Amino acid sequence: MAQSQSSTEADWVSRFADDVIAESERRAPGKPVVVASGLSPSGPIHLGNLREVMTPHLVADEIRRRGYTVRHLISWDDYDRYRKVPNGVPGTDESWAEHIGKPLTSVPAPAGSAYPNWAEHFKAAMTAALGELGVEFEGISQTEKYTSGAYREQILHAMKHRADIDAVLDRYRTKKDPADAAAKGGKGGKKPQQQKKVDEAELAAEAGSGAASEDDGSGGSAGYFPYKPYCGNCEKDLTTVTSYDDDSTELNYTCTSCGFAETVRLNEFNRGKLVWKVDWPMRWAYEGVVFEPSGVDHSSPGSSFVVGGQIVREVFGGAQPIGPMYAFVGISGMAKMSSSKGGVPTPADALKIMEAPLLRWLYARRKPNQSFKIAFDQEIQRLYDEWDSLVRKVADGSVLPADAAAYSRAVGTAAGELPRTPRPLSYRTLASVVDITAGHDEQTLRILSELDPENPLTSLDEVRPRLDRAENWITTQVPAEARTIVRDEPDKELLGSLDDQGRESLRLLLEGLDSHWSLDGLTTLVYGVPKVLAGLEPDAKPTPELKVAQRSFFALLYRLLVSRDTGPRLPTLLLAVGADRVRRLLGA
């Protein structure tokens, strides 16, 4: 097997890979290493959920690179209850509320969907995005597992040991209703204001995940039961187990929604599931999971990951996975993501505006416990600049080891490299060009071919898919009022109001157009005009006064070309407008 990196060079992925390999060999020598993710297709699966997949994927991929066999399981929690109708999902309305309480696979897909049910509709988009990202995984439908009877022995075992499970859960049943706690001065001697903060934090964490806020099976007058049937009449989980016999496995339940009651034998009944805090540790033991991360909402005291660690050992005879807590992922200008709030970007949305290696890099370069934001606003241009700078450092050998590792994990997997743009021109340049040309291919090629006259672009295919991502960003994320619209006619009023210095600055620019008609040449020209006006050489270092003069000159050009004080980088804008039109708009 290949050796791991030295501790001084190892990035977070390599360190986890070391630990996971050692733990897997200790638990099951010679067997495939098992890592896991869990996703609930209760609505659009967003970029925060993607960290649930990318963290184990990156570790699994590192282990594969070292020659080991790895199984990355993605457990689709499609047998979870439908909790609410997410906002902003096309093809849905308030009528979907009648399905609340049913399994996600029993809820109709949004109107117009090509998929048979709600869960499959949202799984499909995520599966396609993971394919584009190079994520290799084995999908497990919890609906299929439960309804096929695959977990029957585990369910019967949990019911037999329900008192033991109840005892574990009872160690953590200290949280009271916030209103009650406040009225009593808080629990554990806390003052009301302190208690309010604790409860708000806990409830906010629970709100981040459907599974985290599910009940643990307690509260029934007939005792504790870790299993919940779906009603045989209305299909909802608003059921209460009223009795259970260990010997015959006979279970009685009633439905509080429709009043239906039924007696079933659990050794042959497949229409129900273990409550979340028991279901998760059961699966750890069943699959032999060695590594599975969990979000902040699962990792607080008394939460499912913490409680699950005790249940898997004490009830199922298994071991808790190595489980780093991962921090939230945000979007520039948005609060913490929640798929129930609607309008939350998904991996598919991100892949429309950024190439797969860049999106992978965002997850690879940050440790799981570090939060970060994904840019859908102007920040994406800076992000691409940072990425291109990293690519250059890798090429010239000046890159730091950890950055080199993150780059390697971004551009490919153990199976090979991901597709990339053959000639990756600056994203901000491409965005500026398509903004001005409105995506007109001939115009775009004409401008891009003039960026570097000594090595002209001959086909737009050379800059794809980056060009397409930049165009998608301009058309879907940039507000109409921020788009660049080049003037049709000269601003005669502004031209007529210019003083001698203003007119001279335009003369110097126009005079140098032909000899500077390339991206680098025009950059030199527009920055050099104010220097020449100040009696300096075009390559003189700028002074604070000169920078003020340059900003004033740039603002004048923007007003004359696009009727605004700012816009795309001027060299790009000039190339896009074209020399003849520039001359006309600048009064030549």
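Me: Is E138 buried or exposed, or something in between?
Reply: E138 is partly exposed, with a relative accessible area of 33%. Buried stands for under 20% relative accessible area, exposed for over 50%, and partly exposed for the range in between, with a 1.4 Å probe and protein chains only. This is a predicted model, in which local features need pLDDT of at least 70 and side-chain atom pairs count only at pLDDT 80 or more, while totals for chains, interfaces and linings use all residues. Residues are numbered from 1 along each chain as its sequence is written, and side-chain values use heavy atoms, with hydrogens and water left out.

Me: Which residue does E138 form a salt bridge with?
Reply: Its partner is R71, and the closest N and O atoms are 3.1 Å apart. A salt bridge here is a side-chain nitrogen of Lys or Arg within 4 Å of a carboxyl oxygen of Asp or Glu.

Me: What about E23 and R27, what joins them?
Reply: Their side chains meet in a salt bridge, at 2.8 Å from N to O. Both residues lie in helix 1 (residues 12-27), four residues apart, which is about one turn of the helix. E23 is buried, at 17% relative accessible area, whereas R27 is partly exposed, at 28%.

Me: How many salt bridges are there by this rule?
Reply: The count comes to 41 salt bridges.

Me: Changing topic: what is the strand order in the open sheet of three strands?
Reply: The order is 5-6-7, with antiparallel pairing. Two strands pair if DSSP finds at least two bridges between them.

Me: Which strands stand at the edges?
Reply: Strand 5 (239-244) and strand 7 (261-265) do, each with a single partner strand, so one side of each is left without a neighbour in the sheet.

Me: How many bridges link strand 6 and strand 7?
Reply: Strand 6 (residues 250-255) pairs with strand 7 in the antiparallel sense over five bridges.

Technical notes: Helix = DSSP H or I, 4+ residues; strand = E, 2+ residues; numbered from the N terminus.
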